[in-house]
Protein chains: 2
Amino acid sequence: MYTYEYPRPALSVDCVIFGLNDDELKVLLIERAHDPYAGYWAFPGGFVDMDETTEEAAKRELQEETGIQNMYMEQLYTFSDVNRDPRGRVVSVAYYALVKLSDFTNQVHASSDAKRAEWFQVNHLPPLAFDHAKIFEVAFNRLKGKVRYQPIGFELLPEKFTLSQLQKLYELILDKELDKRNFRKKILSMGLLVELPERQKGVSHRAAKLYKFDKIKYKELEAKGFSFEL
Amino acid sequence: MYTYEYPRPALSVDCVIFGLNDDELKVLLIERAHDPYAGYWAFPGGFVDMDETTEEAAKRELQEETGIQNMYMEQLYTFSDVNRDPRGRVVSVAYYALVKLSDFTNQVHASSDAKRAEWFQVNHLPPLAFDHAKIFEVAFNRLKGKVRYQPIGFELLPEKFTLSQLQKLYELILDKELDKRNFRKKILSMGLLVELPERQKGVSHRAAKLYKFDKIKYKELEAKGFSFEL
DNA sequence: TCAAAAGTGTTCCGAATACACCCATGA
DNA sequence: TCATGGGTGTATTCGGAACACTTTTGA
């Protein structure tokens, strides 16, 4: 038991994890087994330990609940509505993360807890627990905003990707169609993509060239004041 | 005394308040009377009560410590380094605020506590307590970023302002000179400024027209997909 | 009459947009 | 041989950048 002179809210973290599956943008949810909100879905999360930052807590929870590691992660917002959790005062620091879904088997095995984890398409989410619908909204808007002026979209793609995959990704996130020629012209003119001596395999049409994102070059350019924009 | 099954970090808020004084961008700091960091300066802040959101806490602290009310305020970031406060584990949700300094007497009277509050120019800050230098850095960068694609600069100016004042403000925040004609052309072309039937008074040169920002029109345009950009 | 800031248009250049056809591949 | 997506260039338009002089006012 721990006692304090003044009352303290509990502090938790929640993670909105985006992944790209073929032509669909998805988020990872976990089904709640117990009340409150038994049967509802929620973002993975948990309480912050005393010897870890909130970011460390978010990564730990993610690892524990889904086995996912080493993803791109960023703080989203802190949610502190007094009644957001019926069990009592809980303030939650939300993070959002981008993962290369291709790195995982299609189903993320929920961990120890025998909780069920599943990827849902972003515009077909089931009923969410707590204020998680609000959290998702903030996360998705942040992603839409950020993807345009920082090259974080690549975090969702496999190491090697085609220009069409990249374009489709942007079309999904920004929710509008882009012109193929203009898109290619612009993205290639930045000089951040490396053309690989490889092509797509096993497709029943002309095989596309594969590219990878040159992170090192991006860091260099960024330091010189270059700004990614799409 | 309050007792919990698991230990909990304390939860506080800190506010970075920006104000514009003539030709200088300033932030409000409070001198610490006691250890830790006695004699250092810190952003106003305090602990979050159980019946208020973090945003409410930030506004309350600001009101208590400085008397400032009704300013533009936005959540900045949550700082959770394990050792950021030598007294123990304290997680702090930081906010930044923009105030019309013209609304206040030049010196903000520090409140009850007999703490000394003072406005400092943003590039001549005294030594700051805790991780407040880091907080300031994040806040200033956020301001620089946000001011370009949201019309928040107006929150720093008086109701009625001249185009030169507006331009100077942007030059200060973005830290670069802007061309007068291009600036005016662009800002006026947005149709968000209302020309008032008034002019500057008591200046020893040609008196400038006064304008005000049309917030209602901005909301309308924003809803239609217009995006402010400078 | 001087100093100091207000106010005002045009030209040029580069980037964004619009747009259509042939190519390679496996089924 | 057909269906499917891969790959490519040009003309036009629009917005950003550069740039200098006249006007007004109070000291």
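Trainee: In which loop of chain A is A:Asp175 found?

Mentor: This is a predicted model, in which local features need pLDDT of at least 70, side-chain atom pairs count only at pLDDT 80 or more, and totals for chains, interfaces and linings use all residues; side-chain values use heavy atoms, with hydrogens and water left out. Residues are numbered from 1 along each chain as its sequence is written, while chains are lettered from A and ligands numbered from 1 in the order in which they are written. Helices (H or I, at least four residues) and strands (E, at least two) are DSSP runs numbered from the N terminus. On that basis, A:Asp175 belongs to the loop between α3 (163-174) and α4.

Trainee: What is the value of phi at A:Asp175?

Mentor: Most residues other than glycine have a negative phi. A:Asp175 is not a glycine, yet its phi is positive, near 60°.

Trainee: Which residues does the cis peptide bond join in chain B?

Mentor: In chain A, the bond from A:Asp35 to A:Pro36 is cis, with omega near -5°, and A:Pro36 sits in the loop between β3 (24-31) and β4 (41-42). In chain B, B:Pro36 lies in the loop between β3 and β4 (41-42). Its cis bond, with omega about -5°, joins B:Asp35 and B:Pro36.

Trainee: How are the two copies related?

Mentor: Superposition is by least squares on the C-alpha atoms of residues with pLDDT of at least 70 in both copies. Chain A is laid on chain B with an RMSD of 0.1 Å by a turn of 180° and a shift of 0.0 Å along the axis. The relation is therefore that of a two-fold rotation axis.

Trainee: Which residue of chain A has the C-alpha nearest the axis?

Mentor: The C-alpha in question is 2.0 Å from the axis. The residue is A:Thr3.

Trainee: Which base contact of DNA strand D involves a lysine side chain of chain A?

Mentor: Near a strand means that a heavy atom of the residue lies within 4 Å of it, and 22 residues surround DNA strand D, with A:Ser164, A:Lys180, A:His205, A:Lys209 and B:Arg206 the closest. Polar side-chain atoms reach phosphate oxygens at 2.7 Å from A:Ser164 and at 3.1 Å from B:Lys186. A base oxygen is 2.9 Å from an N or O atom in the side chain of A:Lys185.

Trainee: How many charged residues has the surface near DNA strand D?

Mentor: α4 (180-189) of chain A and α4 (180-189) of chain B each supply at least two residues of this surface. Ala, Val, Leu, Ile, Met, Phe, Trp, Tyr, Cys and Pro count as nonpolar, Asp, Glu, Lys and Arg as charged, and the others, Gly among them, as polar. By this scheme, the surface has four nonpolar residues and six polar ones, and the number charged is twelve.

Trainee: Which side chain has an N or O atom 2.9 Å from a base oxygen of DNA strand C?

Mentor: Of the 21 residues around DNA strand C, A:Val203, B:Ser164, B:Lys180, B:Lys185 and B:Lys209 come nearest. At 2.9 Å from a base oxygen is the side chain of B:Lys185.

How values were computed: Polar contact = N/O pair within 3.5 Å; in protein donor to acceptor, adjacent residues only side chain to side chain.
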